[in-house]
Amino acid sequence: MVTGGDDLIHQPLRLRIMAAVNGLRPSQNIEFAQLKKVVEATDGNLGAHIATLEQAGYVAVEKVFVNKKPRTRISVTPAGRKAFCKHVDYLRDIIESSGAG
Amino acid sequence: METSASSVSAQQAADALLDVRRAQHRLSILRGYEYGAPHFLVWGCVWAIGYASTALWPGYAGVIWLVLDALGLLGGLLIVRATPTDGTRSAKSWRFLAAGAAITAFIAATYYIMAPNSGPQFGAFPALVMALIYVLVGIWRGPRWAVVGLAVGGLTVVGYGLFHEYFMLWMAALGGGSLLLTGFWMRAA
């Protein structure tokens, strides 16, 4: 058994959130509404998991006003990117060590 | 029930990685729509004005399209430069201009070798070229590109075949209109 997975990222919706924000370039962010479509989640569910990832220091959340409307923008932090890549490597290791890869 | 990351089976790991790839693919498609939308709005205007002007002043078609294509490329360049980037703005601008030059050169070379015999042939060919490009992009980057490609290609052929006499006006309304609608449709994605 390969060890070293990240329990926080492994939760399916948080894994999808991290996959999406990790796909952004370093200076980019994604708006809450677009992230909702990417990860196919409800507002409440997505908000809760983003808060968990923010508390862990994996994502940064910025609230701005565009044309007087509130917008929430999410980006990945360097620590989040590193943790996500490490977790993906861990998942690949599991597949390879099982002989299925 | 949540699975602990320390007790993941190979199947669960494979499913998780598939989930990762799907999320990244969806992001790539939505970002493609987001970047494509303003270009469709610009070129929808160019087509509507260009084909309508060509119908009104066919003798000036060459000049009309030269000016409008230059304006379209300039508009596209401004959109590319206004798009938030990670410092690759000049590379993207260069690629955008290179793509525009390649398409223009291809159409000009084809006209040179297989000169169009009529106004509708002159007007239909660039529309078919763009329709093909949209369909090809759609195969990799999301169905909305393919839909606009099929719509523009189909409308061009139908207009050429059934409304030959009013082809330029047909293309101004339905060709330009399709691009404009696609711009709004992609912006709403």
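A:Lys68 is exposed in this predicted model, because 5 other C-beta atoms lie within 10 Å, and a residue counts as exposed at 12 or fewer. A:Lys68 belongs to the loop that joins strand 2 and strand 3 of chain A. Its phi is near 65°, a positive value in a residue other than glycine. Most residues other than glycine have a negative phi. The two strands on either side of this turn make a hairpin with two residues between them, and A:Asn67 in the turn likewise has a positive phi, of about 50°.

From the turn one can follow the hairpin into the sheet. Strand 2 and strand 3 of chain A pair in the antiparallel sense over eight bridges. Another of the pairs places A:Glu62 across from its bridge partner A:Arg73 in strand 3. The whole sheet of chain A is open and antiparallel, with three strands in the order 1-3-2. Strand 1 (30-31) and strand 2 stand at its edges; each has a single partner strand, so one side of each is left without a neighbour in the sheet. Strands of a sheet pair through backbone hydrogen bonds, either parallel or antiparallel.

The sheet is set among helices. Chain A comes to five helices and three strands, which run α-α-β-α-α-β-β-α from the N terminus on. Its C-alpha trace spans about 55 × 25 × 20 Å along the principal axes. Of the 101 residues of this chain, 35% count as buried. Among contacts in chain A with a separation of 6 or more, 57% come from residues 24 or more positions apart.

A:Glu40, in the loop between helix 3 and helix 4 of chain A, has a positive phi of about 55° although it is not a glycine. A:Glu40 counts as exposed because it has 12 C-beta neighbours inside 10 Å, and 12 or fewer is the limit for that class.

Which residues of helix 4 of chain A are buried? They are A:Leu46, A:His49, A:Ile50 and A:Leu53. Seen down the helix axis, these buried residues fall within an arc of 105°, so they line one face of helix 4. An α-helix has 3.6 residues a turn, so residues three or four places apart point the same way. On the other side of helix 4 of chain A, A:Gly44, A:Ala51 and A:Gln55 are exposed. The buried residues pack against helix 2 (12-22), helix 3 (32-39), strand 2 (59-66), strand 3 (69-76) and helix 5 (78-98) of chain A. After helix 4 comes A:Gly57, with a positive phi near 80°.

Leaving aside neighbours within four places in sequence, A:Leu35 is in contact with A:Ile17, A:Ala20, A:Ile30, A:Leu46 and A:Ile74.

The contact between the chains takes 26 residues from chain A and 20 from chain B. On the chain B side, the residues divide into 12 nonpolar, four polar and four charged.

Within chain B, helix 5 (residues 143-162) has 20 residues and reaches 28 Å, close to the 28 Å expected at 1.5 Å a residue. Its buried residues are B:Arg144, B:Trp145, B:Val148, B:Gly149, B:Val152, B:Thr156 and B:Gly159. They cover an arc of only 145° around the axis, which puts them on the same side of helix 5 of chain B. That buried set packs against helix 1 (10-56), helix 4 (119-141) and helix 6 (167-187) of chain B. The face turned away from the buried side carries the exposed residues B:Pro143, B:Val158, B:Gly161 and B:Leu162.

Conventions:
Residues are numbered from 1 along each chain as its sequence is written. Chains are lettered from A and ligands numbered from 1 in the order in which they are written. This is a predicted model: local features need pLDDT of at least 70, side-chain atom pairs count only at pLDDT 80 or more; totals for chains, interfaces and linings use all residues. A residue is buried if 20 or more other C-beta atoms lie within 10 Å of its own, exposed if 12 or fewer, and partly exposed in between; C-beta atoms are placed from the backbone. Helices (H or I, at least four residues) and strands (E, at least two) are DSSP runs, numbered from the N terminus. The arc is that of the directions from the helix axis to the C-beta atoms. Two residues are in contact if their C-beta atoms, placed from the backbone, lie within 7 Å. Two strands pair if DSSP finds at least two bridges between them. Ala, Val, Leu, Ile, Met, Phe, Trp, Tyr, Cys and Pro count as nonpolar, Asp, Glu, Lys and Arg as charged, and the others, Gly among them, as polar. The expected span of a helix is 1.5 Å times one less than its number of residues.
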